[in-house]
Amino acid sequence: MISPEAVALFLIMFIWQIPHFLAIATLYRDDYRAGGFKMLPCIETDLQSTSRQIILYCMALIPVSLVPGITGLAGWVYLVAAVVMGIVGAFGDGTARRMVIAFAACAVAAFVITRLTLSKGEGTRMVSVSAE
């Protein structure tokens, strides 16, 4: 049986990939275009659709990213970071997108550090997957 926490972590990584990729592709769209890659930010001129996709996925990521904190898999530091990253990703400008890329690149490390520093306290448990 797969635990709810494992499902939440999968969904976080799955949903996070789209806005992360689109933010990078937006920042480096001239390079991608020069290389012949046809991606959404390269084929549209106004980036409205790309921005809409980033906003929608970041907004979907907010409730999903709260599950580890709610279930006790992570602490309040993680909850605050998850909310801030989701809001900045959904409503930020180009500079904010750079921040989201940097922030997201550190998200897994921050989650592990949070788990390690809060592991001796209440409300923390490991993700489990069993063959039942």
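Biologist: Is Arg33 buried, partly exposed or exposed?
Modeller: Arg33 counts as partly exposed, because its relative accessibility is 39%. Bear in mind that this is a predicted model.

Biologist: Okay, and which residue forms a salt bridge with Arg33?
Modeller: That would be Asp30, with the closest N and O atoms 3.1 Å apart. Asp30 and Arg33 both sit in helix α2, residues 29-34, three residues apart, which is about one turn of the helix.

Biologist: How exposed is Asp30?
Modeller: Asp30 has a relative accessible area of 53%, so it is exposed.

Biologist: How many salt bridges are there in the count?
Modeller: The count comes to one salt bridge.

Biologist: Switching to aromatics, how many aromatic pairs does the structure hold?
Modeller: Two aromatic pairs. In one of them, the ring centres of Phe10 and Phe14 are 5.8 Å apart and the planes are at 20°, so this pair is stacked. Both residues belong to helix α1, four residues apart, about one turn of the helix, and both are exposed.
The aromatic pair of Tyr32 and Phe37 is edge-to-face, with 6.0 Å centre to centre and 90° between the planes.

Biologist: What about the exposure of Tyr32?
Modeller: Tyr32 is at 23% relative accessibility, so it counts as partly exposed. Phe37 counts as exposed, because its value is 51%.

Biologist: New topic, helix α4. Why does its span agree with its number of residues?
Modeller: Helix α4 covers residues 48-71, and at 1.5 Å a residue its 24 residues should span 34 Å; the end C-alpha atoms are 36 Å apart, so that agrees.

Biologist: Where does α4 bend?
Modeller: At Ile62, by about 30°, and a proline, Pro63, follows within four residues. Ile62 is also one of the buried residues in α4, which include Leu61 and Val64.

Biologist: And what comes just after α4?
Modeller: Gly72, which takes a positive phi of about 90°.

Biologist: Which residue has a positive phi although it is not a glycine?
Modeller: Leu47, with a phi of about 60°. Leu47 lies in the loop between α3 (40-43) and α4.

Biologist: Is Leu47 buried or exposed?
Modeller: Leu47 is buried, because its relative accessible area is 16% and the cut-off for buried is under 20%.

Definitions and conventions. Residues are numbered from 1 along each chain as its sequence is written. This is a predicted model: local features need pLDDT of at least 70, side-chain atom pairs count only at pLDDT 80 or more; totals for chains, interfaces and linings use all residues. Side-chain values use heavy atoms; hydrogens and water are left out. A salt bridge is a side-chain nitrogen of Lys or Arg within 4 Å of a carboxyl oxygen of Asp or Glu. Helices (H or I, at least four residues) and strands (E, at least two) are DSSP runs, numbered from the N terminus. Buried means under 20% relative accessible area, exposed over 50%, partly exposed in between (1.4 Å probe, protein chains only). The expected span of a helix is 1.5 Å times one less than its number of residues. The bend at a residue is the angle between axes fitted to the seven residues ending there and the seven starting there. Rings of Phe, Tyr and Trp (its six-membered ring) pair if their centres lie within 6.5 Å; planes under 30 degrees apart count as stacked, over 60 as edge-to-face and the rest as tilted.
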